[in-house]
Amino acid sequence: MPAPPESAFYLTTPLFYVNARPHLGHAYSTIVADTMVRFQRQQGREACFLTGTDEHGQKIQRAAEAAGVSPQQFADGVAQAFRSEWDRLGLDYRYFIRTTEPRHAAAVVDIFQRLQRNGAVYKGSYSGPYCVSDELFVGEGAEVGAPCPLCGRPTERVTEENYYFRLSAFQRPLLDHYRKHPHFIRPETRRNEVIAFVEAGLRDVSISRTSIHWGIPIPGDERHVLYVWFDALIGYLSGIGYGSPRAEDQANWQRLWPAWHLVGKEIVRFHCVYWPAFLMAAGLPLPHGIVAHGWLLFDQEKMSKSVGNVVQAEPIRQVLGADPLRHFLLREVSFGQDGNFSYDALLERYNADLANGWGNLASRTLTMIQRYRQGVVPAEAPAEGAPSVGIAVEEFRTRMAAWDFSRGLAEVWHLIGDMDRYLAAEKPWALEDQPERLDRVLRHAFLALRATAVLLASALPASAQRLWEQLGFATPVGEIKFGDFRWDEVPAGHRIGTFEALFPRRDKEKTVEELRQLEAAPAAPAAPAAAAEPKIAIDDFAKVDLRVGQVVTAERIPGADRLLKLTVDIGAEVRQIVAGIALAYDPATLPGRKVVIVANLAPRKLRGLESNGMIVAAAVGDAGTPVLVSVPEDTPNGARLR
Ligand code: MSP
């Protein structure tokens, strides 16, 4: 259920375990979150999302041991891989929390102490079958070695004296809450499962471990570290400022909380039972709701590292771009259900919906306005009987607000199909001797095409923006609010921009082959050590003034595809810097982001703009794709790197 319009829309993705590198399953959740947040912004709400990484627990400790590095080193590498993946895909998260950050530990300790004060935890002992992979004790009655109900792997005996959380005391309050808030858990099937589970009775749960050390120690009893799920869920709060001593952080979490949580269906119980109970016990407001999506399958099995059937997003992004991947995931998968991924289906959607559908409508419309009206949109009102933009907008909005992305997109494609038929029936190319009628048809085609750009700005942001510019507009299309937008008006004499194919048609077999080869290619080798380079003295290094900065504004530079104009706050001043990162970063994602800059570089001019410093980025792969160097969000602007 939508919250009152004035409240902020704060959404979270799960915090992903760092035992596996990001794959399409993780990307699915994060793309859905990104789309929903962009959609909510277009409805006029402040909207943002948090993502991050879940870095403690046995699973990570073992993965690090296997790799021969410390758990922290291991986590650092994978957390960065997640961040870079989301950056490359242009996903606009505002918050990224790592559960190994000190600000997170502070929040976890604070909540644990609240629970202690409120009498919700006690010490007890337990022995039973435990699944290391899912980090959970398998319920009573199960034998050691019995398969884990979540992943099917054999359980191991674990005996521990632990801190327990009085979950049993929350059965009634939870059931009352579910009843009072019928949309607390979506979809309905998940809600019914959770209610049945809670009605069957709740047992207290252990929230600490002594068998491992890779976790947040309990203050005053450091032999115990907190259970990884207790620790991780609190990331939804610590990531927006909970637990920070700074007044502005406190104000921030209080303004954004409660959240909406987007999760995969296998972690519904943690989010719908444990988490609300922890929050109740801590005296904190419960989330607005938990929305569960299904699994992305490959060859009919859940895509996962352990099954070994994962597909990476990166080859698809390189070959087709991020938007065709987003389109496939949002359009093909019925939200809430499992959906199958295949390269064939991806290419079919690409050619049918994007190249022949949307792209072709854009090409026909813009070419005709250019050819028959020298690029100026006619002022004549559209003819009656033309497909209705208004209905498409309303249908789209209703579907998207209900998280029904595939039907939302289908509404836009209805409009596109209707427009194709309308143009085929009106034959504008045969109307040159009926100028008024031609004006009406062209104007309507323009309005409908422009509407598709506004509607698709949340699902396919980069392509919608490109089309928007081709339609002759300069402002970001994502900032258009549905409510204020005059769908049927165009400024008099409006001139379209330059047309360029949005989605060139692809040969299916060849492209699938190209994707398979990239997928099979080993990950880029680590950069060779700088052994061959001559050594420098520390004084040489000290000459380079590296500073932490924060991007204030970021915009494209007309006519310079690779460059972005940035202003960066480096503590003492705000600098203008021109950076060659436009192919890798969407400028909309940069404001607020921490970067590292070379602050004492002599100023120079690029495309007539003064650049006062340089942003530090790693050059990745053969193409040298820039990946911005980052520092934790709470590092002050102006801090020097040495
Ligand atoms: N660390 C816990 C979550 C803690 S939240 C406080 C975790 N991590 S995970 O790395 O296993 O990520 C699980 C989530 O990744 C799923 O809930 C889902 O959002 C996403 N997915 C991982 N594989 C997926 C598919 N094959 N299909 C769809 N989503 C998938 O659980």
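The count comes to one cavity of 30 Å³ or more. A cavity here is a set of points, on a 1 Å grid over the protein atoms alone, where a 1.4 Å probe fits but cannot get out. The model is a predicted one, in which local features need pLDDT of at least 70, side-chain atom pairs count only at pLDDT 80 or more, and totals for chains, interfaces and linings use all residues. Residues are numbered from 1 along each chain as its sequence is written, and side-chain values use heavy atoms, with hydrogens and water left out.

**The cavity**

- The largest cavity has a volume of about 50 Å³, a volume being the space filled by probe spheres set on the grid points, which are joined across faces, edges and corners.
- Its lining residues, those with an atom within 4 Å of a point, are His56, Gly57, Tyr130, Glu135, Arg209, Ile212, Trp214, Gly215, Val225, Leu226, Tyr227 and Val228.
- By class, this lining has seven nonpolar, three polar and two charged residues. Ala, Val, Leu, Ile, Met, Phe, Trp, Tyr, Cys and Pro count as nonpolar, Asp, Glu, Lys and Arg as charged, and the others, Gly among them, as polar.
- Arg209, one of the lining residues, is found in strand S9 (residues 208–209). Strands (E, at least two residues) and helices (H or I, at least four) are DSSP runs numbered from the N terminus.
- Arg209 counts as buried because its relative accessibility is 5%, where buried means under 20% relative accessible area, exposed over 50%, and partly exposed in between (1.4 Å probe, protein chains only).
- The C-alpha atoms of Arg209 and Leu409 are separated by 46 Å, and the two residues are 200 apart along the chain.

**The ligand site**

- Of the 23 residues around the ligand, Leu15, Ser29, Asp54, Leu296 and Met303 come nearest; a residue is near if one of its heavy atoms lies within 4 Å.
- The residues of this shell divide into 12 nonpolar, eight polar and three charged.
- Polar contacts are pairs of N or O atoms within 3.5 Å; within protein, one must be able to donate a hydrogen and the other to accept it, and residues adjacent in sequence count only if both atoms are side-chain atoms.
- A polar side-chain atom of Asp54 lies 2.7 Å from a nitrogen atom of the ligand, and one of Glu266 lies 2.9 Å from an oxygen atom of the ligand.
- Met303 takes part through a polar backbone atom, which is 2.9 Å from a nitrogen atom of the ligand.
- Taken alone, the ligand exposes 670 Å², and the protein buries 95% of that; accessible areas come from the Shrake-Rupley method with a 1.4 Å probe, and for residues only the protein chains shown count as cover.
- The elements that give two or more residues to the shell are strand S1 (9–17), helix H1 (24–42) and helix H7 (228–233). S1 supplies the largest share, four residues.

**Backbone features**

- The peptide bond from Arg186 to Pro187 is cis, with omega near -10 degrees. Pro187 is found in the loop between strand S7 (185–186) and helix H6 (188–199).
- The bond from Trp257 to Pro258 is cis, with omega near 5 degrees. Pro258 lies in the loop between helix H9 (247–256) and strand S12 (260–264).
- Asp299 is not a glycine, yet has a positive phi of about 55 degrees. Asp299 is exposed, with a relative accessible area of 60%.
- Trp403, also not a glycine, has a positive phi of about 65 degrees. Trp403 counts as buried, at 4% relative accessibility.

Note on methods. On a 1 Å grid over the protein atoms alone, a cavity is a set of points where a 1.4 Å probe fits but cannot get out, and a pocket is an open set with protein on both sides within 12 Å along at least five of seven lines; lining residues have an atom within 4 Å of a point.
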